[in-house]
Amino acid sequence: MAWRCTGRTNAELISNMRKQGIISSDRVAAAMSNVDRANYVTRPSTAYQDSPQPIGHGATISAPHMHAYAVEHLLPYLQPGAKVLDVGSGSGYLSAVLHNLVSPPPSPTQPHTPQGKVVGIDHISELVEWSKKNLEKDGLGHALRDGRIEMVTGDGRLGHPADGPYDAIHVGAASPTLPQALVDQLKAPGKMFIPVGVSSQSIWEVEKSATGEVKKREIMDVMYVPLTDPERQKRGY
């Protein structure tokens, strides 16, 4: 049903995903409503289409329904104050959504809400710099400046141990096998959402228990761009 979710506005896109049952949580709906997808694509006129779109350098921004699925699956670990790693952060869109979940603004009932951290990592330096501009444009420059969002250039297959371990890890490109470095950087307890495979791919939900036991579960078939090195990506793999 995901292809039916395209909207004319960001609000309509979110509403359509709720109607189709892709978004079931009020927290996820609010977080995605607070991030205008038009600020994170190369063609704003098609920002609210429910489809992946190229963002240059051989990279794409995933379809909105896949971002919604990812956040819904990781939601128990996206509490205020949590630390999250977004691998293959691209345009910065999902990093912004994750920020809204782990660093919500104070409210009258919760004036001292814990503030978390989102680390977005991509191996294309031009995309990292562009993502920072996108976040600024979307009103999140303060979060970049105070370190609640950090966008770094690096090999996402190796994670970013300097800020680990992470309550949740999202991977936005398909790895041939499950990267052990990312499993090692999961907190106990913690959860990862990652596409795995080459010609045939599926999303794996990788959950680490409080005692360090790791369980893996395949949840849906997908087709993502590969998690690879910058040279191969720019050559079109």
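Student: What makes the contact between Arg18 and Asp26 a salt bridge?

Tutor: The closest N and O atoms of Arg18 and Asp26 are 2.8 Å apart, and a salt bridge is defined as a side-chain nitrogen of Lys or Arg within 4 Å of a carboxyl oxygen of Asp or Glu, so the pair qualifies. This is a predicted model, in which local features need pLDDT of at least 70 and side-chain atom pairs count only at pLDDT 80 or more, while totals for chains, interfaces and linings use all residues. Residues are numbered from 1 along each chain as its sequence is written, and side-chain values use heavy atoms, with hydrogens and water left out.

Student: Why is Arg18 called partly exposed, and why is Asp26 called exposed?

Tutor: Buried means under 20% relative accessible area, exposed means over 50%, and partly exposed is what lies in between, computed with a 1.4 Å probe on protein chains only. Arg18, at 34% relative accessibility, therefore counts as partly exposed, whereas Asp26, at 57%, counts as exposed.

Student: What makes the pair of Glu150 and Lys117 a link between distant parts of the chain?

Tutor: The side chains of Glu150 and Lys117 meet in a salt bridge, 2.8 Å from N to O. Glu150 lies in strand E5 and Lys117 in strand E4, and the two are 33 residues apart; strands here are DSSP runs of E with at least two residues, helices are runs of H or I with at least four, and both are numbered from the N terminus. Glu150 has a relative accessible area of 27% and is therefore partly exposed, while Lys117, at 18%, counts as buried.

Student: How do you know which parts Glu205 and Arg217 tie together?

Tutor: Their side chains meet in a salt bridge of 2.9 Å, N to O. Glu205 belongs to strand E8 and Arg217 to strand E9, so the pair ties together parts that are 12 residues apart in sequence. With a relative accessible area of 8%, Glu205 is buried, and Arg217, at 45% relative accessibility, counts as partly exposed. Elsewhere, salt bridges that share partners join Lys117, Glu150 and Asp163 into one network.

Student: Why are the buried residues of H5 said to line one face?

Tutor: The buried residues of H5 are Leu127, Val128, Ser131, Asn134 and Leu135. Seen down the helix axis, they fall within an arc of 120°, so they line one face of H5; the arc is that of the directions from the helix axis to the C-beta atoms. The face turned away from the buried side carries the exposed residues Lys133 and Lys137.

Student: What makes H3 largely enclosed?

Tutor: In H3, 9 of the 11 residues are buried, so the helix is largely enclosed by the rest of the structure. Among these buried residues are Pro64, His65 and Ala68. Met17 touches Pro64, His65 and Ala68, among others, not counting residues up to four places away in sequence; contact means heavy atoms within 4.5 Å.
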